[in-house]
Amino acid sequence: MNPELRFIPCTGQIDAAPSPSLSFIEDENGVCIKHSCNGLLLCSSFRCCLEEERKYYICKPTTRQYKPLPRPACNTVNGISIAFDPKLSPHYKVICICGHDLLAKHCQIKIYNSYEGCSWRDSGNPFAVLDEFLFNRGVFWKGALHWVGKGKFSLGFDVERELLFKTPMPPIPEGWAERRLGYFGESGGHLYLIEIYGPQTTVFDVMEMSGDYSSWFVKYHVDLSGLAAQYPSMIRYNVQDIHRSVFSALRLVHRNVGENEEEAILVLHIPGKLIPYNLGDNTLIDDFDSSPHLMSMEENLGLSYRWESVHPFSNTLCYI
């Protein structure tokens, strides 16, 4: 049995929407999505306790094509991602962050190249990992994979040159012991980050990384106070009768609204509903193209969906 999948069209290309199922991949343990990049999905065995028993696949759901990958030669996979740019090459690479078997707090990057053949190879030497990075949520931007960090830095990996580099993170506000990540992703050729610190969680900034990697700057300022008033299901009370707003930023997307015009949309999930929010003018969007059964979800007390479980998909011309 495969985990439940939901497809949410955001750009009006309803006809290009894949069936929300990976049942065409033959795996007795079922499959789940690990990563996506420009029309390709990287999947793995779902119900599998041991890494040595896990299988990996590259698939394109619109054509129901898939290809088994050889298993990376390591005992611990900290994260695995696709790097694919169909504008530059029809070939893709899979980047695996493996825990080192002999060196504590060290990782080894392994690469599978669809052009080179059917085996993995080491890239560079093992590197020390002293901070916490979300290696399971790589973001492909400007020819590099990026892993957001919970400390002072994030990590990037230039896929073509096979170079690992650091990028700065915004400082953690005074009075907070740890970073509170709300979203990390790419859209429209830009890299975005959301961090939400209380107590007024409905007010936050959407930050964008500068093109030279020197810093983050505020791109949009968001105030969801009106949204919370319109949707009381966002409000939760704790034992001290103090309310907090419950929502999750799932995905930031850009869509064309004119010949040379586009708008930035933040897709929010509140209990029981998906909300498209226009970041340009801080308003709700009424003409959001999404299937009704995807917009209406079963009411629950918590949030089943977070940005970490959302995998962007675009129907590009590619072959596995």
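View 1. At 23% relative accessibility, E162 is partly exposed (from 20% to 50% relative accessible area with a 1.4 Å probe, protein chains only; buried means under 20% and exposed over 50%). R121 is likewise partly exposed, at 28%. The model is predicted: local features need pLDDT of at least 70 and side-chain atom pairs pLDDT 80 or more, while totals for chains, interfaces and linings use all residues. Residues are numbered from 1 along each chain as its sequence is written, and side-chain values use heavy atoms, without hydrogens and water. E162 forms a salt bridge with R121, with the closest N and O atoms 2.6 Å apart (a Lys or Arg side-chain nitrogen within 4 Å of an Asp or Glu carboxyl oxygen). Because E162 lies in the loop between strand 11 (153–158) and strand 12 (163–168) and R121 in strand 8, the pair ties together parts 41 residues apart in sequence. Strands are DSSP runs of E, at least two residues long, numbered from the N terminus. E116 joins R121 and E162 in a network of salt bridges.

**View 2. Salt bridge between D158 and R161.** Their side chains meet at 3.2 Å, N to O. D158 is buried, at 14%, whereas R161 is exposed, at 59%.

**View 3. Salt bridge between E263 and R255.** The N to O distance is 2.7 Å. Both E263 and R255 are buried.

**View 4. An open antiparallel sheet of 4 strands, in the order 5-6-7-8.** Strand 5 (77–83) and strand 8 (120–128) stand at the edges, each with a single partner strand, so one side of each has no neighbour in the sheet. Strands pair if DSSP finds at least two bridges between them. Strand 7 (residues 106–113) is joined to strand 8 by 6 bridges, and I109 has S123 in strand 8 as its bridge partner.
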